[in-house]
Structures are given as structure tokens and as C-alpha cells.
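Visitor: I have a structure to look at and some questions about it. Could you take me through them one at a time?

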Amino acid sequence: MEPGNNTGFPEFLLLGFSEDPELQPLIFGLFLSMYLVTVLGNLLIILAAISDSHLHTPMYFFLSNLSYVDICFTTTTLPKMLVNIQTQSKAITYAGCITQMYFFLFFLELDNFLLTVMAYDRYVAICHPLHYTTLMTPQLCGLLVLVCWILSMLHALLHSLMVLRLSFCTNLEIPHFFCELNQVVQLACSDTFLNDLVVYFALVLLVTCPLAGILYSYSKIVSSIRAISSAQGKYKAFSTCASHLSVVSLFYCTGLGVYLSSVATHSSQSTSTASVIYTVVTPMLNPFIFSLRNKDVKRALKSLFRGKT
């Protein structure tokens with residue numbers, strides 16, 4: 001196949017999960033339901049945090065941002081996939097593919113950074129409770145979120161610009177349900193060494209460092225909780241960070257699972273299926289994890305529904 005300039009090819013083909021026509025209605029119904037649950041659940045968290053004055057704290061400010069990002073994260077990929085199934089088309093334009101890739105990377109990294117900031121918030125709350133209000137000021141919280149947005153934007157922009165420099169062959173079939181970075185780079189006819197180098201460097205820097213920050217925060221939190229004498233005090237301290245710890249575990253474990261799956265099987269189909277967990281399932285479960293064992297959120301949601309009725 002002859003290499004060509006990427007602007008000469010108007011569209012990529014997203015192969016999705018299955019080409020079996022009988023499975024398409026089932027896939028459409030399943031993912032539409034998951035998308036609606038994700039949007040509704042995270043939207044309720046945002047509305048609860050805004051409407052209840054008791055939730056006007058740094059923890060719920062970060063949680064609202066995380067919920068907003070999760071809505072955007074799933075909206076980046078699922079609506080296009082649902083439209084393609086409904087119209088029986090696999091096409092996505094070159095510009096559309098690059099745009100989808102940019103926003104996917106942007107919101108994925110923003111999720112990562114926000115979870116790190118939330119770990120720092122829990123560290124200050126448990127390890128330095130007397131200084132919590134003076135340390136976690138609204139100005140600092142806003143600055144932390146702003147830095148997360150800027151770093152995520154630069155990260156996504158870097159990868160997008162790196163892809164724009166590539167030339168592609170005539171085979172533009174992506175064995176995935178969205179324009180995943182590695183899958184797109186593999187279609188290039190030009191040299192991708194620099195792209196691969198940037199991907200691995202960014203992976204080490206932007207995943208290892210936040211994860212190390214989270215682990216350090218929780219090591220200090222565990223030490224502080226163990227120093228509490230009463231069992232009730234230990235339970236109360238741990239309950240304030242249990243939901244966040246569950247979401248962090250789900251986020252990183254599913255991401256690691258997708259990576260190991262792609263390395264072990266070398267099957268694009270299995271990687272595509274595994275990636276559903278962290279692109280769709282995790283954002284859908286986050287509202288339930290944060291609300292099921294959180295009395296403040298439950299109270300806010302009840303008040304929200306009473307106000308509407």
C-alpha cells in the first residue's frame with residue numbers, strides 16, 4: 001500500500017465490537033443504557049453538591065469536577081459509536097478522529113489528575129485536620145483544578161500534534177469503537193518512533209507521578225488512622241476516604257488490566273472489549289460508589305428530589 005498524506009484520506013473506519021447484524025441492536029441498547037445512567041448519575045452528584053450548602057467543601061468541589069469530567073469522558077466516545085450503529089456506518093472523518101482522540105486523552109488525564117488532587121485533599125483532612133480549612137482554601141482548590149486542566153490540555157495537544165505529522169496508508173480500519181491513540185499510530189506508513197517515545201515518556205511521567213502521589217498520601221493516611229485510639233474514630237476517618245480509594249483502585253486496576261490485556265493477547269478485539277471497563281463502566285459506577293456509603297450525599301439527593309416534587 002502506498003503511503004499518502006493524511007489529509008488525502010477523508011475518513012477512518014471504526015470496526016467496533018462485532019460485525020454481526022443480529023448483535024447490533026443488543027450492543028446499541030446496552031451502551032445507550034450505560035451512557036444514560038452515567039450522565040444521569042454524575043449529573044445528580046453535581047446538582048447535589050451545588051444545591052446543598054453542607055457540600056460546599058473542597059472534597060465535594062473536586063467530586064463535582066470529577067463527575068463533570070466523567071460525563072465528558074463518556075460523551076467523547078459513546079455517542080459517535082451509537083450513531084454509527086444506528087446509521088450502519090463505521091466512518092469517522094480524519095478531523096473527527098483527531099478531535100475525538102484529543103478530547104479522549106484530555107479527559108482521561110484530567111480524571112487521573114483530579115483523583116490525585118482528591119487524594120491530597122483527604123491527606124490534609126485526616127493528617128492535618130486542625131489546619132484543613134486554612135490549607136484547603138477556595139483559591140487553592142480552584143488553582144489545583146486549573147493546573148489539572150492545563151496539564152491535561154497540553155498532554156492531549158502534544159499527542160494530537162504528533163499524530164498530525166504522520167502519513168497514513170490506504171488501510172484506515174481501526175479495530176476499536178473509538179479513535180484510540182495507539183491504534184491510530186499503528187496505521188501510519190511513516191516512521192512512528194518519535195510517537196512511541198513520547199507515548200512511553202508521557203505514560204511514565206503522567207501516570208507514575210500521580211500514582212506515586214496517591215500512594216504516598218494514603219500511606220500517611222493509614223499511619224494517621226492507626227494512631228487513633230478509638231475504633232469509632234478509626235472508622236469515621238477511614239469512611240471519609242473509602243469511596244475515593246475505591247474509585248482510584250477501579251480506575252488504575254482497569255487501566256492496568258487493559259494494558260496487560262493488549263500486551264498478553266495482541267488481539268485488538270480483546271483490547272477493545274477490555275477498554276470498555278475504564279471508558280464506560282468506571283465513569284458509570286463512580287456516582288454509586290460516592291453516594292451509596294456517603295450520608296451527606298444521600299441527604300443532599302433526598303433534599304434535591306423533595307425540592308423538585
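**Rings, helices and loops**

Guide: At 4% relative accessibility, Phe106 counts as buried. The model is a predicted one.

Visitor: Is Phe107 buried or exposed?

Guide: The cut-off for buried is under 20% relative accessible area. Phe107 has a relative accessible area of 8%, so Phe107 is buried.

Visitor: What kind of aromatic pair do Phe106 and Phe107 form?

Guide: The ring centres of Phe106 and Phe107 are 4.9 Å apart, with 55° between the planes. Planes under 30 degrees apart count as stacked and over 60 as edge-to-face, with the rest tilted. The pair of Phe106 and Phe107 is tilted.

Visitor: What kind of pair do the rings of Phe106 and Trp149 form?

Guide: The centres of these rings, in Phe106 and Trp149, lie 5.4 Å apart. Their planes are at 65°, so the pair is edge-to-face.

Visitor: How does Trp149 count by relative accessibility: buried, exposed or partly exposed?

Guide: Buried needs under 20% and exposed needs over 50%. Trp149 has 24% relative accessibility, so Trp149 counts as partly exposed.

Visitor: How many aromatic pairs are found in the whole structure?

Guide: Phe17, Phe31, Phe73, Phe104, Phe177, Phe178 and Tyr278 form one aromatic cluster. A search of the whole structure gives an aromatic pair count of 19.

Visitor: Is helix α2 roughly parallel or roughly antiparallel to α5?

Guide: Helix α2 (residues 58-87) packs with α5 at an angle of about 25°, and their axes are 10 Å apart. Angles under 35 degrees count as roughly parallel. Therefore α2 and α5 are roughly parallel.

Visitor: Is the crossing of α2 and α5 left-handed or right-handed?

Guide: The contact is made by Pro58, Phe61, Phe62, Asn65 and Tyr68 of α2. From α5 come Cys141, Gly142, Leu144, Val145 and Trp149. The crossing of the two helices, α2 and α5, is right-handed.

Visitor: How many nonpolar residues does the contact of α2 with α5 have?

Guide: The contact of α2 with α5 has no charged residues and 2 polar ones. The nonpolar residues in that contact number 8.

Visitor: What is the phi of Gln88?

Guide: Gln88 sits in the loop between α2 and β2 (91-93). Its relative accessible area is 75%, so Gln88 is exposed. Most residues other than glycine have a negative phi. Gln88 is a residue other than glycine with a positive value, near 55°.

Visitor: What distance separates the C-alpha atoms of Leu187 and Leu166?

Guide: Leu187 lies in the loop between α6 (181-186) and α7 (193-227). With a relative accessible area of 11%, Leu187 is buried. Leaving aside neighbours within four places in sequence, its contacts include Phe12, Phe168 and Ile174. Leu187 and Leu166 are 21 residues apart along the chain, and their C-alpha atoms are separated by 9.5 Å.

Visitor: Is Gln100 buried or exposed?

Guide: Gln100 is in helix α3. Leaving aside neighbours within four places in sequence, Gln100 is in contact with residues including Thr76, Lys80 and Phe178. The relative accessible area of Gln100 is 5%, so this residue is buried.

Methods. Residues are numbered from 1 along each chain as its sequence is written. This is a predicted model: local features need pLDDT of at least 70, side-chain atom pairs count only at pLDDT 80 or more; totals for chains, interfaces and linings use all residues. Side-chain values use heavy atoms; hydrogens and water are left out. Rings of Phe, Tyr and Trp (its six-membered ring) pair if their centres lie within 6.5 Å; planes under 30 degrees apart count as stacked, over 60 as edge-to-face and the rest as tilted. Buried means under 20% relative accessible area, exposed over 50%, partly exposed in between (1.4 Å probe, protein chains only). Axes are lines fitted to C-alpha atoms, for helices over the stretch in contact, and angles run from 0 to 180 degrees between N-to-C directions. Helices (H or I, at least four residues) and strands (E, at least two) are DSSP runs, numbered from the N terminus. Angles under 35 degrees count as roughly parallel, over 145 as roughly antiparallel, 65 to 115 as roughly perpendicular and the rest as oblique. A crossing is left-handed if the near helix is turned anticlockwise from the far one by less than a right angle, and right-handed if clockwise. Contact means heavy atoms within 4.5 Å. Ala, Val, Leu, Ile, Met, Phe, Trp, Tyr, Cys and Pro count as nonpolar, Asp, Glu, Lys and Arg as charged, and the others, Gly among them, as polar.
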